[in-house]
Amino acid sequence: MSIAPIAVFDLGKTNSKLFVISSEGKVIDEARTRPVWREEDGLHVLDDAALLAWMKGELARIVAGYGVDRITFSGHGCTFALAAGDALAHPILDYEQEPPTEIAARIDAMAPDFRETFSPPLPLGFNYGRHLLWLDARKPDLLEKADAILAYPQFWSWTFSGRKVSEVSYLGCHSNLWAPLKDDFSSLVDKMGWRGKMPGFARAGAVIGTHAVTLGDGRTVEVAVHNGVHDSNAALYFYRSLGFTDFTLVSTGTWVIVFNSASPLERLDQTRDMLANVTVDRQPIATIRFMGGREYDLASGGWTRPIREEALASAMAKRAFALPSFAAGGPVPGHAGHFSGPTVESEERAAAALLYVALMTDLSLDLIGSDNTIVIDGGLVKTGLYAAILAALRPAQTVHISANPEGSAFGAAALVFEERGHNPFVNDCAVAAPAALAELDAYRREWRRQVEAMQAAPRKEKRA
């Protein structure tokens, strides 16, 4: 049976991407856009109409050009939509905004116990149940009018199929709405009377409907719509489908998210952005994360060019350190990111920033008890040196890097292909060679010493 190419919309906070993936598991076309976030009623919200117009235009192009007959979605965490009938009940919130202090204090007291949800207390909308409570406080009748609370990928599945469903990998992603050990909604959902607004479940990748695509010549073609998935959980599924079992996944992008399948949940420390994600097959998995891609952009001064090993060696020799944290959350919260040591600029500053992200990853791996195989996926693979530094920092572990860094999109595609009884993907991961950086161990020891001194010093807690 001939299998047509499929389309995956990989929808990030900063960049949204389309990948057309052939039945041989190859990317044969791709396109990118930047979502527009606008101000409305004192809030920062998504211009979903603009993003939808881009998606529909691209979909018509690839259906005509490649015969694509199926679409699915992977989406960044922390985001939800309130639906009423066939429309949004409220614009989709940007998760990077903090509720007013007086509201935050009230709604934070309503969060379920960490050992129920394994969702740590996080700032902004990183627990999207927190933003739901904020909207409820702003407009008490809003949730009454809404008939469905949809996770972000399911918003797009509904937009294209007309069917509202829930999906566990996104609900279980530090939302405060899911109790992983019970495999059920959390006490907060029942306390707020939201259970009836949670649509029935469909597994990620399941067919939930169809969408009519109008082509340029006037023809209409029906494509199957498959249920979407949380992006980092999709990456986890992808590498498991390649045969990795006992391993730690380091999924990189705006966030660096570390999953360790071997770590017990009892190890999780809610004060260090440690949590339980939930796989597409409803299993909790120990996780730690920080906003590594965002922090690199900020710490490096927006550096976008390659970094040479010579620049890394120079930054280390000068003892120039980037110290946490340059964005909210992460394992060292409550401190303002800054540099110590001599001032470095341009490539040397970017080198110190890259070392920072690698050292924060190394710290996260220690905290999550990682001593098994490591697989690195996502945007930081493209730097080359990130994996090499991590391999040098952790010589007792084998570090694998994927030939294709788009694990979230490939995982979403693998779920669709699985639905069709097909698996075109092969394990083409390579072992990362350690970077030859003679000063790295000493540099790590001093960086850790400075981080520990920061943590020991009195500080004022901040949520943002």
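I count two rings of Phe, Tyr and Trp (its six-membered ring) as a pair if their centres lie within 6.5 Å, and I call planes under 30 degrees apart stacked, over 60 edge-to-face and the rest tilted.

I note that this is a predicted model, in which local features need pLDDT of at least 70 and side-chain atom pairs count only at pLDDT 80 or more, while totals for chains, interfaces and linings use all residues. Residues are numbered from 1 along each chain as its sequence is written, and side-chain values use heavy atoms, with hydrogens and water left out.

**Entry: aromatic rings**

I searched the whole structure for aromatic pairs and found 26. One of them is the edge-to-face pair of Phe326 and Tyr356, with 5.4 Å from centre to centre and 85° between the planes. This pair links distant parts of the chain, 30 residues apart, since Phe326 lies in the loop between strand S19 (321–323) and strand S20 (338–340), whereas Tyr356 belongs to helix H12 (residues 346–367); helices (H or I, at least four residues) and strands (E, at least two) are DSSP runs, numbered from the N terminus. I looked up burial next (buried is under 20% relative accessible area, exposed over 50%, partly exposed in between, with a 1.4 Å probe and protein chains only). Phe326 is buried at 16%, and Tyr356 is buried at 1%.

Phe417 and Phe425 also pair edge-to-face, at 6.0 Å between centres and 65° between planes. Phe417 is buried at 0% relative accessibility, and Phe425 is buried at 9%. I then followed the ring pairs and found that they link Phe238, Tyr239, Phe244, Phe247, Phe410, Phe417 and Phe425 into a cluster.

**Entry: charges over rings**

I took a charge to sit over a ring if NZ of Lys or CZ of Arg is within 6 Å of the ring centre and within 35 degrees of the ring normal. The charged end of Arg289 sits over the ring of Trp255, 4.0 Å from its centre, and that of Lys13 sits over the ring of Trp37 at 5.5 Å.

I traced an open sheet of seven strands with mixed pairing, in the order S17-S18-S16-S15-S21-S22-S23, where two strands pair if DSSP finds at least two bridges between them. Strand S17 (274–278) and strand S23 (430–431) stand at the edges with a single partner strand each, so one side of each has no neighbour in the sheet. Strand S21 (residues 373–378) and strand S22 (residues 399–401) run parallel and are joined by three bridges; Ile374 has Val399 in S22 as its bridge partner.
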